[in-house]
Amino acid sequence: MQSLIYKVFTRKFSLSLQADALQFLSEVIQQNELSTANATKWLELLADTWTKREEGKPLVEIEPLKELVAAMATGTGNGAASLTSAGAPQPASAAVGASDLFTVISAFDVPTLWYDPGKKLFTHPFENAAILPPAEAKAALFRQRYDLLKQRVLRNENFMAVSFSDHEKDRFYQLSSIDSLQGREGEHFLLFGMLSQLEEGKLSLEDRAGSIELDFTEMNSKHSTVNGLFTESCFVLVDGYVEDGIFRVEEIGLPPPEPREKTKAAFPNNNFFGGTPSLRTETQLRAIEVASDNGIIFLSDVWLDKQETMDALHTLLEGFSHTTPPIAFVFIGDFSSKPFVSGSGDTVQYRENMALLGQLIAGFPEIARKSHFVFVPGSNDPWGQGALPKPHIAEFFTGRLESRLANVTFASNPCRIKYCTHEIVVFREDLLKRIRRNCVLPPTEGTEIVKHLVRTVIDQGHLCPLPQRIRPIYWAYDHAMRVYPIPDLLILADRFDPYSINYEGCHCINPGSFSGGDQSFFMYYPVSRTSQYSKVPPK
């Protein structure tokens, strides 16, 4: 039996077992009288679960192993598969409301993973830090964005490493560093770096080796295609040649995206998304998704200080009270039509508005008991210091609302939601307006502007690829703004017109403004990975 354990853990999952851990597993298999086939299935599930929970820790130690086996044997531990008398792993029964099925992850709890180009793997440089880190963190922020995107680019099938033989060079693109351009005027190069303005009115490209001024005259004369929204601090690929110490750009593009499956295959032991991995297998989670076959509702700009909004929410809840309650309602700010002013009468009014919303939802007991409620703050909501990520709304304002609901989370902005196999990122920001206002190159006409936006966010692997002076981000929490790997669902809540777009396996939605528009919202269906645009009917 020990040879079977060795085959599964060491040869298949590259795990090393301590002697007492090996003996313990042998005893568990013998005590439960598992056949070879059932023992193999159970060991594979156990090894896979260990890899997810311990984030690839290669040495299997006895104490954490005992805890994991105990959880699986009893069906506890977030609903693991359990050992039946027959010995085969069976899915433990679970309600859709189980905590490991629907999890909200704060931006301040997202794992800090930095890519190390020397080791070619992700490391934990430090635990999640304080809001105000040392000044070196600002430079590290951009180095990390650069390293993260460059490793993604180099793994793209169209690119090659420098070490490739000469006869293969024509088949692949090859990146050059800026310091390698010296003395090579007239030659063509493909560069990767960050757009910056080191001198007033002049754009430059920076990489780890240096910087060079860019000139777009030739690109503009050729009417080259510009796909995406390019601002300072964006990372780009530029093709061209050097003349008089200036890089003459002929083409510019965003770094190519990478399908989530490829990213996860490259780094199978990293928990990029955050949260505690479920002990259920992916097959079990998908079965739960299909069984529930319901949707998640997203609303943005829910102004609770407007009576029309409260009336519309009553109509919305009343409509869903006659059917199976949705999996969740995700309310996205702003929750007030005007900016919150601390120390004014706004404090009492804001708190009262939240209490009234709780009273309204409690009027529909089935929904209040079975659905999850998530609240993501906007710029008009308390508190925060104007930088991202924005902390959740304080309990002082939300206490009475929370007391009326069974499952409620006040989240940060942005935040992440994990539902069964789905990874969802929610971000409230008038992003399109900000990016268009700060574009350094006009995008090609003929393509919807929202497609340029979605492409930019996903290709940059970042929710807000703007300069720090335009949209400040806490240096120690820039990793929480990443869109890497690409999520299943991306909510870019904006006051722009509602839309839903599919790009690189990601379904992207802007619910629009519920109170400031025509009381529209979106319902997302995890099983079919589709969404439906809807409006609250007028009275």
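This is a predicted model: local features need pLDDT of at least 70, side-chain atom pairs count only at pLDDT 80 or more; totals for chains, interfaces and linings use all residues.
A cavity here is a set of grid points where a 1.4 Å probe fits but cannot get out.

**Cavities**
- Counting those of 30 Å³ or more, the structure holds four cavities.
- The largest cavity has 10 residues in its lining. If you want to find its centre, look for Trp114, Leu141, Trp475, Asp478 and His479, the lining residues that lie nearest to that point.
- Helix H5, residues 136–154, gives the largest share of this lining, with three residues.
- By class, the lining of the largest cavity splits into six nonpolar, two polar and two charged residues.

**H10 against H12**
- As for handedness, H10 passes H12 in a right-handed crossing.
- On the H10 side, the contact is made by Thr347, Tyr350, Arg351, Glu352, Met354, Ala355, Leu357 and Gly358. Their partners in H12 are Phe396, Phe397, Arg400 and Leu401.
- Sorted by class, the contact of H10 with H12 comes to seven nonpolar, two polar and three charged residues.

Note on methods
Residues are numbered from 1 along each chain as its sequence is written. Side-chain values use heavy atoms; hydrogens and water are left out. On a 1 Å grid over the protein atoms alone, a cavity is a set of points where a 1.4 Å probe fits but cannot get out, and a pocket is an open set with protein on both sides within 12 Å along at least five of seven lines; lining residues have an atom within 4 Å of a point. Grid points are joined across faces, edges and corners, and a volume is the space filled by probe spheres set on the points. Helices (H or I, at least four residues) and strands (E, at least two) are DSSP runs, numbered from the N terminus. Ala, Val, Leu, Ile, Met, Phe, Trp, Tyr, Cys and Pro count as nonpolar, Asp, Glu, Lys and Arg as charged, and the others, Gly among them, as polar. A crossing is left-handed if the near helix is turned anticlockwise from the far one by less than a right angle, and right-handed if clockwise. Contact means heavy atoms within 4.5 Å.
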